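This report goes through one protein model, part by part. Keep the sequence and the structure in view while reading.

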Amino acid sequence: RQLFSACVSCTGLYCHGNEKSMKENCRYNSIPSLQPPSLQQSTMCACTMLVLLAQLPLTVPTGKISWLLFVFFSSDIEISRAQSPKAVDVLAKEIGLLTDEIEIYGQTKAKVRLSLLERLKDQPDGKYVLVAGITPTPLGEGKSTVTIGLVQALTAHLSINSFACLRQPSQGPTFGVKGGAAGGGYAQVIPMEEFNLHLTGDIHAITAANNLLAAAIDARILHENTQSDKALYNRLVPAVNGVRGFSAIQLARLRRLGIYKTDPDTLTEEEVRKFARLDIDPSTITWQRVVDTNDRFLRKITVGQANTEKGFIRQAQFDIAVASEIMAILALTTSLQDMKERLGKMVVANDKKGEPVTAEDLGVTGALAVLMKDAIKPTLMQTLEGTPVFVHAGPFANIAHGNSSVLADKIALKLVGEKGFVVTEAGFGADIGMEKFFNIKCRASGLVPSVVVLVATVRALKMHGGGPNVTAGAPLKKEYTEENLQLVAGGCCNLQKQIQIAQLFGVPVVVAVNIFKTDSAAEVDLVCKIAKQSGAFDAVPCNHWSAGGGGAVKLAQAVEEAARQKTSFKYLYSLELPIVEKIRIIAQKVYGAQDIELSPAAQSQVDRYTQQGFGNLPICMAKTHLSLSHQPERKGVPTGFILPISDVRASIGAGFIYPLVGTMSTMPGLPTRPCFYDIDLDPITEEVKGLF
């Protein structure tokens, strides 16, 4: 009865005069049926349900009351667990996969083999949809839930083939502040605990490959520092059973050096020296070790302090695993052969003459490919309503390019057919993940999106309109829980800017307003009105969190209509432009900066990469996601600022130049109260608790 009273005071009962009015006006809309585990949508809204709950006599069986309460108060993991997913082999058959094209992991996950692309090479692609967002609060604005709600609406409610392609979440935020990335409420990937934890081990494979290469770098420097040319050569090319020979990767290195000999005993002293010594300059090493944990104390470390390392001590650091270049390669590669070539091209340092040293030079390319041979296959899962999802790769958008894999998208586009839709998500705001999607991912894939779905929330717009700070773990201030049209209107400048950014690429924009229970109808209507006035093709309120696919049907219809529009897709810049000019274009046209300023170290790196022949690569900016500028506290649409570039790195295997803006860190830290306080395991049932 207390709940009923609160609901009345919040929304009023004007919508309950008749069923038609109720459906159209109640902002809670429909929610899942009371008959578990059915996902059919009821015409009852939340207000009506609370009325019924308040009027139930005490004689009503406890189980029925429990299910009513479950609908309102269950956590994401409880909702996920209440629905039994179909067996993954059944799902695979439904979407047209052959038995020998999947490798099953348990009951609910399967790797999909790349041979599928050859079988379906003549199949026309479906429509390609990107979900991006406005500049978010630290809580996130629900791009994953919108992505899942949209595909559930398309397939489960409109009978249109669709596929969601999502990134695998890092365990850093899962145990830190943000939580998992499976979506939420009645729009999520299930089982969510499997999605959010180890999945099929791809990030672990990346960590192993990355750190093998890091170990190879330091070991090679040590061995070169402590051995003569002859001793080093004899150990690099030993006699096995009395026979001495080069490995395939060593023969390739000889050819790059201009030495066309195959007998190890015929090399001259000078050729032996050239082959055996990489002469790595330790001060130029850019390859870092990684771990998939937010660990701020690994941001700066010293390695080589043991006596066995013979005085070879240097400063280094750890990055989070999803910032590894190998993760970026996994996300951008188009085949196993392409991945192997990209792994070999990774530049880890310079030699003492200023020339790049690669993974191929270190002889580790083949071993890296072996560690990554299973990770290259996308993982098949499903939504709460049984529609298919690919989970593959997971680069952050603020410190990497922030998009799921090209391979998952390509496979999904073939599977849905010409009239189907593939919906993928770019991390953080459109200025971050979407810009990189267009300028980096689309260049690598050759794919062109049909529609951008731009996710906005009333909460985030109020923050951009001058509302108080939003802090993860702290209760929202009253400005965010009470109607405030002035704050919403003021914050819509950020929405307008993000629409303009999408329009730079010539793709139609549909705004999805992700509804929260504290939003008023007037606030939502105002956002939709301003979005349309600002050039959006359409703007639609979405209730997918509480209603599943049924709450995103209008969004799906708007996307379907927008996909019929003619696009004039274009990249933001030409690759032929100098590195500094490409950075400036992004800063000015996307972020709204007045200009850029490179530190001496950054300018030196730009000069070096240009001299080494890497100047024609796209740009992957590492910048805070909490503002269009480099200063997280500046909300709305900052102007007149100078964007500082503190450093510039090169991910040659992935295929981009990587400027660091301001004090951007590639290793997050844990807050005072991380998520792990709430995560637990029931030792009897083995059920995971507390994930969200």
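## Cysteines

Cys 165 is buried, with a relative accessible area of 1%. Cys 528 is buried as well, at 8% relative accessibility. The model, which is predicted, holds zero disulfides. A disulfide is a covalent bond between the sulfur atoms of two cysteines.

The cut-off used here is 2.5 Å between the two sulfur atoms.

## The chain as a whole

The protein chain has 692 residues, and 57% of them count as buried. Its secondary structure comprises 27 helices and 27 strands.

Contacts can also be sorted by how far apart the partners are in sequence. Taking the contacts between residues at least 6 apart in sequence, 73% join residues at least 24 apart.

## Helices α22 and α23

Helix α22 covers residues 485–503 and helix α23 covers residues 521–533. The two pack at an angle of about 35°, and their axes are 10 Å apart. The crossing of α22 past α23 is right-handed.

On the α22 side, the contact is made by Leu 485, Val 488, Ala 489, Cys 492, Leu 495, Gln 496 and Ile 499. On the α23 side, Ala 522, Glu 523, Leu 526, Val 527, Ile 530 and Ala 531 take part. Sorted by class, this contact of α22 with α23 has eleven nonpolar residues, one polar residue and one charged residue. An α-helix has 3.6 residues a turn, so residues three or four places apart point the same way.

## Helices α8 and α25

Helix α8 (residues 143–157) and helix α25 (residues 553–562) cross at roughly 85°, and their axes come within 8 Å. At that angle, α8 is roughly perpendicular to α25. The residues of α8 in this contact are Val 146, Leu 150, Ala 153, Leu 154 and His 157. They meet Val 553, Leu 555, Ala 556 and Val 559 of α25. By class, the contact of α8 with α25 has eight nonpolar residues, one polar residue and no charged residues.

Which residues of α25 are buried? They are Val 553, Leu 555, Ala 556, Ala 558, Val 559 and Ala 562.

## Backbone exceptions in loops

Most residues other than glycine have a negative phi, and most peptide bonds are trans. The peptide bond from Ile 190 to Pro 191 is cis, with omega near -10°. Pro 191 sits in the loop between β8 (187–190) and α10 (192–196).

Phe 428, in the loop between β19 and α19 (430–445), is buried because its relative accessible area is 18%, under the 20% cut-off.

Ile 645 lies in strand β24 (residues 642–651) and is buried, with a relative accessible area of 2%. Leaving aside residues up to four places away in sequence, Ile 645 touches Ile 583, Glu 597, Leu 598, Ser 599, Ala 602, Met 621, Pro 659, Leu 660 and Val 661. Ile 645 and Pro 600 are 45 residues apart in sequence, while their C-alpha atoms are 9.6 Å apart in space.

Thr 226 belongs to helix α11 (residues 202–226). With a relative accessible area of 38%, Thr 226 is partly exposed. How many residues along the chain lie between the positions of Thr 226 and Lys 310, and what separates their C-alpha atoms? The two are 84 residues apart along the chain, and their C-alpha atoms are separated by 8.6 Å.

Terms used: Residues are numbered from 1 along each chain as its sequence is written. This is a predicted model: local features need pLDDT of at least 70, side-chain atom pairs count only at pLDDT 80 or more; totals for chains, interfaces and linings use all residues. Side-chain values use heavy atoms; hydrogens and water are left out. Axes are lines fitted to C-alpha atoms, for helices over the stretch in contact, and angles run from 0 to 180 degrees between N-to-C directions. Helices (H or I, at least four residues) and strands (E, at least two) are DSSP runs, numbered from the N terminus. A crossing is left-handed if the near helix is turned anticlockwise from the far one by less than a right angle, and right-handed if clockwise. Contact means heavy atoms within 4.5 Å. Ala, Val, Leu, Ile, Met, Phe, Trp, Tyr, Cys and Pro count as nonpolar, Asp, Glu, Lys and Arg as charged, and the others, Gly among them, as polar. Buried means under 20% relative accessible area, exposed over 50%, partly exposed in between (1.4 Å probe, protein chains only). Angles under 35 degrees count as roughly parallel, over 145 as roughly antiparallel, 65 to 115 as roughly perpendicular and the rest as oblique.
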